[in-house]
Amino acid sequence: MALDETMKNKAEELTGKAKEVAGKVTGDQDLQAEGNVDQASGKAKEVGNKVSEKLDDAKEAVSDAADKLGAHVKAAADKVKDAISGE
């Protein structure tokens, strides 16, 4: 995940917290609610980024495992071929 995305998400959370507090202090329930929404949005985006990162890691791991399996299958096939041809 890019650092700039993490910083944007954290900034959104912090802005939301400031709005929430300002809304509480001034009695502005709409501003307080807007702050809560901003905080939730920032957190949700960060979770989405982390999930995306984990999926990328899993994709790479599966690809690596498939490459290794392919190499093992080729080696086994070569052994069978050699055994059949008598080498």
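**View 1. A nonpolar surface patch formed by V47, V51 and L55.** Together these three residues have about 280 Å² of accessible area, computed by the Shrake-Rupley method with a 1.4 Å probe, with only the protein chains shown counting as cover. Such patches consist of residues with over 30% relative accessible area and no salt bridge, with nonpolar side chains joined within 5 Å and like charges within 9 Å. L55 lies in helix 2, and its relative accessible area of 55% makes L55 exposed (exposed, over 50%; buried, under 20%; partly exposed, in between). The model is a predicted one, in which local features need pLDDT of at least 70 and side-chain atom pairs count only at pLDDT 80 or more, while totals for chains, interfaces and linings use all residues. Residues are numbered from 1 along each chain as its sequence is written, and side-chain values use heavy atoms, without hydrogens and water.

**View 2. A negative surface patch that includes E60.** E60 belongs to helix 2, which covers residues 29–85 (helices are DSSP runs of H or I, at least four residues, numbered from the N terminus).

**View 3. The buried residue E46.** E46 is placed in helix 2. E46 has no salt bridge, and K50, the nearest side chain of opposite charge, is 4.7 Å away; a salt bridge requires a side-chain nitrogen of Lys or Arg within 4 Å of a carboxyl oxygen of Asp or Glu.

How values were computed
Lys and Arg count as positive and Asp and Glu as negative; His and the chain ends are not counted. The place of a charge is taken as NZ of Lys, CZ of Arg, CG of Asp or CD of Glu. Helices (H or I, at least four residues) and strands (E, at least two) are DSSP runs, numbered from the N terminus. Buried means under 20% relative accessible area, exposed over 50%, partly exposed in between (1.4 Å probe, protein chains only).
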